[in-house]
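Student: I have this model open and would like to go through how its parts touch. Could you walk me through it?

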Amino acid sequence: MAVVFERPHALLDVDTHYCPGCTHGVIHRLVAEVIDELECEGRTVAVVPVGCAVMAYDYFACDAIEAPHGRAPAVATGVKRALPDRVVFTYQGDGDLAAIGTAETVHVGTRGENITVIFVNNAIYGMTGGQMAPTTLPGQVTQTSPYGRDVKTQGNPIRICEMMATLSGTAYAARVSVDSPKAIGEAKRAIKKAFQYQLEGRGLSIVEVLSSCPTNWGMSPTEALEWVRTEMQGYYPLGVYKDVGGEENV
Amino acid sequence: MSKTQSFILSGFGGQGLLFAGKVIAYAGLHDGREVSWLPSYGPEMRGGTANCTVVLSDEPIGSPMVGRPDLLMALNLPSFDRFERLVVPGGVAVVDSSLVERRSERTDIAVYYIPATKLANERGLHGGANMIALGKLLRETGFVSMETLLEGLKKSMPARKEHLYPYNVQAIELGYHYGE
Amino acid sequence: MSEKLLMKGNEAVAEAAIRAGCRHFFGYPITPQTELSAYMAKRMPKIGGTFLQAESEVAAINMVLGAGAAGARVMTSSSSPGISLKSEGLSYIVGSEVPCVVMNVQRGGPGLGGIQPAQSDYFQATRGPGHGDMHLIVLAPASVQEMVDLCYDAFDLADLYRNPVMILADGMLGQMMEPVEFENQPHRELPEKSWATNGHQNRRPHNVINSLYLKAPELEAHVRDIFKKYETIREKESRCEAYLADDAEILLVAYGAAARLCKNAVKMARERGVRAGLLRPITLWPFPERQLFSHTEHTKAFLTVEMSMGQMVEDVKLASQFRVPTYFYGRTGGVIPTPEEILEQILKIAGGAR
């Protein structure tokens, strides 16, 4: 009988700790499928963050390093410089990548570090219980913006892909979503392209994935996906922000 | 010769005092002695006072710091003002008289005045005041032989500056024979 | 015998690291360690190595974590304020059991402090520097040659025990030139780095480099494992130099640059008929406790001399178990004590002791 659906080899056969309705699992799967398709698991090193994905080292079948908060791009730089023929990717959340690790993120872009960054943006700090993130939307209520994020005092959300696209060393920057089967297909194509660019030695590739957090947003999984579509995509438009190999802003 | 000789070499940044110190240190090394070289460092790359201390000794060197030098080379007034009083009794100072007008009032040290900068400019040995003064210091103290000093010079020069070796030798000899 | 070269401590340690097989250096500019980075920047590209000037000390130490995790010999260097920034990363590196070598060319603090030589990071080096139950192996050279010799051993110690090793020098040792030779590189038997995250090549289960243990008993077991290593290190690796110490009535205890000054002072004291000696810890962690304790038999007093307000003196008191009075003399902020000042202290103690 033909197998039509199975667990990717690059994902280990374990239960994850993610909440129901969280899209981390989907994103893990997409990354693992890409690793399978590119047949690079044996020479891939994952660098995982502090945040909800902190234990991703138990889920990915490739070698993995758990980095200090925000420092995954620096750790990945160290691995890549020591072993240039390995495939190195980071998997980071918004607090990790866009707040405490902003400098590391920007500078892998300036250096054109030949690694891939998977940036999971769910507009909130999930693991610590729902605090305001650098990507929390204006007016969004969180534990530390209980009256809604007031941009006058709490600053504006940061658009990472747009910023990274301005850096000379960035080869590919795309924002995708996983709120529908169609979106998931597009997300996978972007992730695959990002890995391919690394294999081709083109420089930094970053894919920002808009993700849902039903638990901390206080929504049902379906409501949460709807919120990704209507609210998040309004502030964070999907698209390719940089592609040294091809078209811009599709 | 005493067991330990300590040097302070001081002047403006850019006058080549650290290099002169390195020549002395390499000369000492050539003679099989213990040596140390310590620069002052800080935000004074050019123009400020720069100095280094060198110790040559027959036994292991404890402190590379030199509070009271046996030998002083002062290539500008601030350096002379600062270090003249610290020279040990019986010590020797060589002073660039083209930049230092005053004379020492100390009677317990020997101070030699040589217009090193002026001589360097007159002879087309620009930047050679340090080596001229070093030649003078050698002449008056004989802390190593001329041959050893030139060995030290050779060792101190990076390959890319090798072509400047003859100029440095010329400057050292000029200082050595000054006043003859 | 090879020809001796005159080199600055900072440059000599860089050359030693390269000869020890270090091919990856990540740093950030700071005085007075700059020559080390500059040397690496010049040499690494020529030997197929990495020199990377990171965006911060924080990034640099995490690049070290990455390269070390990948199984490479890797090094970073800084000076006091920069080491504070690296402390987070060092804690993770200890927790993840990744080998690396870190150089601290100390300057005066706290805060931005100054740029002149100091020894005021002793607590930071030996008690931390990061959070959690942890130690670095801390080596304290007192000459340019010893910077080379200890640098060789630092890489071996790091690999052997899978723990960061810090070479704790200071601005004086970093900046001064002394004759140095690079032969006589010792080699220890080292285990394979089978734990490295360098890609499993479909030949083994995946390796994970990690310092997270959410279950308390698991974290306790992990920390206990690390401390078992520390016990071995304490037993096998503590080192010191004894100078005229066997008959010393007044035993100076000093490390690094301060120990050099103390040697002069000891000689001067002996010339005046005072039996002074010096015990110079070469490993600051582990502190040479047994060696120091053995001197409590005959010594009338310890005099700890540091370029700080008094940090190692606490270890001297602990190691001597307060059997002998311990005095302290220090200058700080970049001020370096003179042998004469130290002699004065010795004579004062000798006068009182008689």
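Student: Let's start with chains A and B: how far apart are their closest C-alpha atoms?

Tutor: This is a predicted model, and in it the closest C-alpha atoms of chain A and chain B lie 28 Å apart, with no contact joining the two chains.

Student: Okay, and which chains have the most contacts between them?

Tutor: Two pairs of chains touch, and of these the pair formed by chains A and C has the most contacts.

Student: What about chains B and C, how many residues are in contact there?

Tutor: On the chain B side there are 16 residues, and they are in contact with 17 residues of chain C. The elements of chain B that give two or more residues to that side are α1 (17-30) and β2 (34-39), and β2(B) supplies the largest share, with five residues.

Student: And how do the residues on that side of chain B divide by type?

Tutor: The side of chain B that touches chain C divides into 10 nonpolar residues, five polar ones and one charged.

Student: Switching to chain C itself, what does the domain assignment give?

Tutor: The assignment for chain C gives domain 1, covering 5-237, and domain 2, covering 241-353. The C-alpha centres of these two domains of chain C lie 28 Å apart, and 28 residues of domain 1 are in contact with 22 residues of domain 2.

Student: Which elements of domain 1 give two or more residues to that contact?

Tutor: On the side of domain 1 of chain C that touches domain 2, those elements are α5 (122-127), β6 (137-139), β7 (164-170), α7 (171-175) and α8 (216-237) of chain C. The largest share, four residues, comes from α5(C), and the residues of this side of domain 1 divide into 17 nonpolar, seven polar and four charged.

Student: One more topic: at what angle do α1 and α2 of chain C pack?

Tutor: Helix α1 (residues 9-19) and helix α2 (residues 34-43) of chain C pack at an angle of about 40°, and their axes are 7 Å apart. The crossing of α1(C) past α2(C) is right-handed.

Student: Which residues meet there?

Tutor: From α1(C), the residues N10(C), E11(C), V13(C), A14(C), E15(C) and I18(C) meet E35(C), L36(C), Y39(C), M40(C) and R43(C) of α2(C). By type, the residues of this contact between α1(C) and α2(C) divide into six nonpolar, one polar and four charged.

Note on methods. Residues numbered from 1 in each chain as written. Chains lettered and ligands numbered in written order. Predicted model: local features only at pLDDT ≥ 70, side-chain atom pairs only at ≥ 80, totals over all residues. Axes fitted to C-alpha atoms, helices over the stretch in contact; angles between N-to-C directions. Left-handed = near helix turned anticlockwise from the far one by under 90°. Contact = placed C-beta atoms within 7 Å. Nonpolar A, V, L, I, M, F, W, Y, C, P; charged D, E, K, R; others polar. Domains from an automatic or database assignment.
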